[in-house]
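Colleague: I'm new to this one. Please walk me through it, starting with how you name the pieces.

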Amino acid sequence: MYDIGRSKRATKAFAFDDIAIVPSRRTRGLDQVNLGWKIDAVSFDFPIVAAPMDSVMSPATAIEMGRLGGLGVLNLEGLWTRYEDPQPIFDELAGIEDQVTATRRMQEVYAEPIKAELITERMREIRAADVPVAGSLSPQNTQEFASVVEQAGVDFFVIRGTTVSAEHVSDVAEPLNLKKFIYDLEVPVIVGGCATYQTALHLMRAGAAGVLVGFGGGAAHTTRDVLGIEVPMASAVADVAEARRDYMDESGGRYVHVIADGSVGRSGDIAKAIACGADAVMVGAPLARATEAPGQGWHWGAEAWHSELPRGERVRFQTVGSFSEVVVGPSRIPDGTMNLVGALKRSLASCGYSDVKEFQRIELVIR
């Protein structure tokens, strides 16, 4: 503990940039590495989830992510569920360079109500491609549209917000009873973000199949600057991984997946997240560099168009290649923004581990 003046004490926390992975005494051939990940009854070829952000996920890119072997999550509060054809809006936003103008315009276009029939249509479109289906809602809209999402036949229901707790207190609106909600729902729920041991333990006790660690959209939001809220991700993932272990003992063996969601901008960050204890990672920024990304090089999260308190700007990225090349390669750029799967596989092989679960035991050092 560190003293901050006379009245406050604080612990030291570490970001992914503060740590490094230490290779073990052996290495392995790439042919001996298996990145397979299974959550609930659905298996994936690799533990990477595409973030539910309009700038990277459309029905088409969600389908492509599924075909490649990962999970794509569609934002069910985005432009795809507000407009029958949102492409002209994406084109318009891509042409706006000024950030203030862009924020105002986003607030206007996102003011269009969410349409239940479009949620159903988008989910069915992804289902028709025979890939896993996942949709995301914020806690504020979960109760209103949950039944629509469930009836659309999703494999996973994601409740994603800047900060999500199992107990929300309000005098204005009836809060979401997360434990009852998850119990009544027929599909597995992934919920977050959270960043502490205690919050994660509460979400696990509420019945979550997976917990999102972090505040999401690391490159596209400024929650730290606007709200003063930030938890370095290496420490956050390690704390939640400890909550997962304790909850397994408490529940008699129920395993809840830990998914790092934030500050995962390059392939090295993916490896570090898993080394800290994550089962999978949720990525947004790397996918915004794909030629098929709806944002056309621009990247933003839900925070950017908040009607009262926007706390995130659009970020501009250079396009590096196709969606497939960003995810599974090949790579032409040596900075960790392409071939995310290949890089993770190489990390495991270089350190002598054959699967993701084993890799969580790798030794780390503080830089």
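Modeller: Helices (H or I, at least four residues) and strands (E, at least two) are DSSP runs, and their numbers start at the N terminus. Residues are numbered from 1 along each chain as its sequence is written, and side-chain values use heavy atoms, with hydrogens and water left out. This is a predicted model, where local features need pLDDT of at least 70 and side-chain atom pairs count only at pLDDT 80 or more, while totals for chains, interfaces and linings use all residues.

Colleague: Pick a residue to start. Where does Ala273 lie?

Modeller: Ala273 is part of helix H10.

Colleague: And is Ala273 buried or exposed?

Modeller: Some cut-offs before that: buried means under 20% relative accessible area, exposed over 50%, and partly exposed in between (1.4 Å probe, protein chains only). Ala273 has 0% relative accessibility and therefore counts as buried.

Colleague: What about the rest of H10?

Modeller: Eight of the nine residues of H10 are buried, so the helix is largely enclosed by the rest of the structure. Among them are Ser267, Asp269, Ile270 and Lys272. Just after H10, Gly277 has a positive phi of about 125 degrees.

Colleague: How far is Ala273 from Glu186?

Modeller: The two are 30 Å apart in space, C-alpha to C-alpha, and 87 residues apart in sequence.

Colleague: At what angle do H10 and H12 pack?

Modeller: Axes here are lines fitted to C-alpha atoms, for helices over the stretch in contact, and angles run from 0 to 180 degrees between N-to-C directions. Helix H10 (residues 267-275) packs with helix H12 (residues 340-351) at about 50 degrees, and their axes are 9 Å apart. That makes H10 oblique to H12; angles under 35 degrees count as roughly parallel, over 145 as roughly antiparallel, 65 to 115 as roughly perpendicular and the rest as oblique.

Colleague: Which hand does that crossing of H10 and H12 have?

Modeller: Right-handed. The rule is that a crossing is left-handed if the near helix is turned anticlockwise from the far one by less than a right angle, and right-handed if clockwise.

Colleague: Now H7 and H9: how do they cross?

Modeller: The axes of helix H7 (residues 197-205) and H9 come within 8 Å and cross at roughly 40 degrees, so H7 and H9 are oblique to each other. The crossing of H7 and H9 is right-handed.

Colleague: Change of topic. How many salt bridges are there?

Modeller: A salt bridge is a side-chain nitrogen of Lys or Arg within 4 Å of a carboxyl oxygen of Asp or Glu. By this rule the count is 16 salt bridges.

Colleague: Give me an example, please.

Modeller: Asp3 pairs with Arg9 in a salt bridge whose closest N and O atoms are 3.2 Å apart. Asp3 is exposed because its relative accessibility is 59%, and Arg9 counts as exposed at 55%.

Colleague: Which peptide bonds are cis?

Modeller: One joins Gly192 and Gly193, with omega about 20 degrees; Gly193 is in strand S10 (residues 189-194). Another runs from Gly329 to Pro330, with omega near 5 degrees, and Pro330 lies in the loop between helix H11 (323-328) and H12.

Colleague: What is phi of Asn339?

Modeller: Near 55 degrees, a positive value in a residue other than glycine. Asn339 lies in the loop between H11 and H12 and counts as buried at 19% relative accessibility.

Colleague: And Asp130, is that buried or exposed?

Modeller: Asp130 is exposed, with a relative accessible area of 70%. Phi of Asp130 is also positive, near 60 degrees, and the residue lies in the loop between H4 and strand S8 (134-137).
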